[in-house]
Amino acid sequence: MKFYPLEKLHCLQHGYRKTFSVAGRNLLLLQDEDQTYLIENRCPHQGAPLEKGLVKNGTIVCPYHRLAFSLYDGKHINNSSYSCQKSLSCYKPRYQDNLIGVLLDESP
Ligand code: FES
């Protein structure tokens with residue numbers, strides 16, 4: 001596993017969103033209130049990017065078909081007539097010095 005730095009800690013504030021291509025993955029780092037989340041920027045339903053999704057109370061709603069997913073465990077929250085058996089990939093943010101990043105294998 002390798003630490004990939006993503007952002008300086010002082011840049012994180014409510015409403016922060018930024019995508020990163022790291023080790024073959026497309027990641028979305030976001031901050032809502034005092035919570036920081038790191039997820040794959042790809043909806044598990046049909047693959048839409050999530051950077052414009054609505055984030056609220058630990059969930060993200062995909063802008064395409066409005067399915068909601070937990071930002072903690074990635075599970076689909078039954079909020080629409082669509083269903084999705086797959087989960088959103090969530091990553092644990094890691095901290096090193098004044099940086100936030102992620103631990104990943106070097107290839108997906
Ligand atoms: S692609 Fe995200 S809900 Fe369908």
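Me: Taking two strands as paired if DSSP finds at least two bridges between them, over how many bridges do β4 and strand β9 pair?
Reply: The model is a predicted one. In it, β4 and β9 (residues 90–91) pair over two bridges, in the antiparallel sense.

Me: Which residue in β9 is the bridge partner of I39?
Reply: The partner of I39 there is C90.

Me: How many residues lie between β3 and β4 in their hairpin?
Reply: There are two residues between them. In the turn, E33 has a positive phi of about 55°.

Me: Changing topic: in what order do the strands of the open sheet with β11 come?
Reply: The order is β1-β11-β10, three strands in an open sheet with antiparallel pairing. The edge strands are β1 (2–8) and β10 (94–96), each of which pairs on one side only.

Me: What is the average twist from one strand to the next there?
Reply: The twist averages 40°.

Me: How many bridges join β10 to β11?
Reply: Three bridges join them, with β11 made up of residues 99–104.

Me: Through what do strands of a sheet pair in general?
Reply: They pair through backbone hydrogen bonds, in either a parallel or an antiparallel arrangement.

Conventions. Residues numbered from 1 in each chain as written. Predicted model: local features only at pLDDT ≥ 70, side-chain atom pairs only at ≥ 80, totals over all residues. Pairing = 2+ DSSP bridges. Helix = DSSP H or I, 4+ residues; strand = E, 2+ residues; numbered from the N terminus. Axes fitted to C-alpha atoms, helices over the stretch in contact; angles between N-to-C directions.
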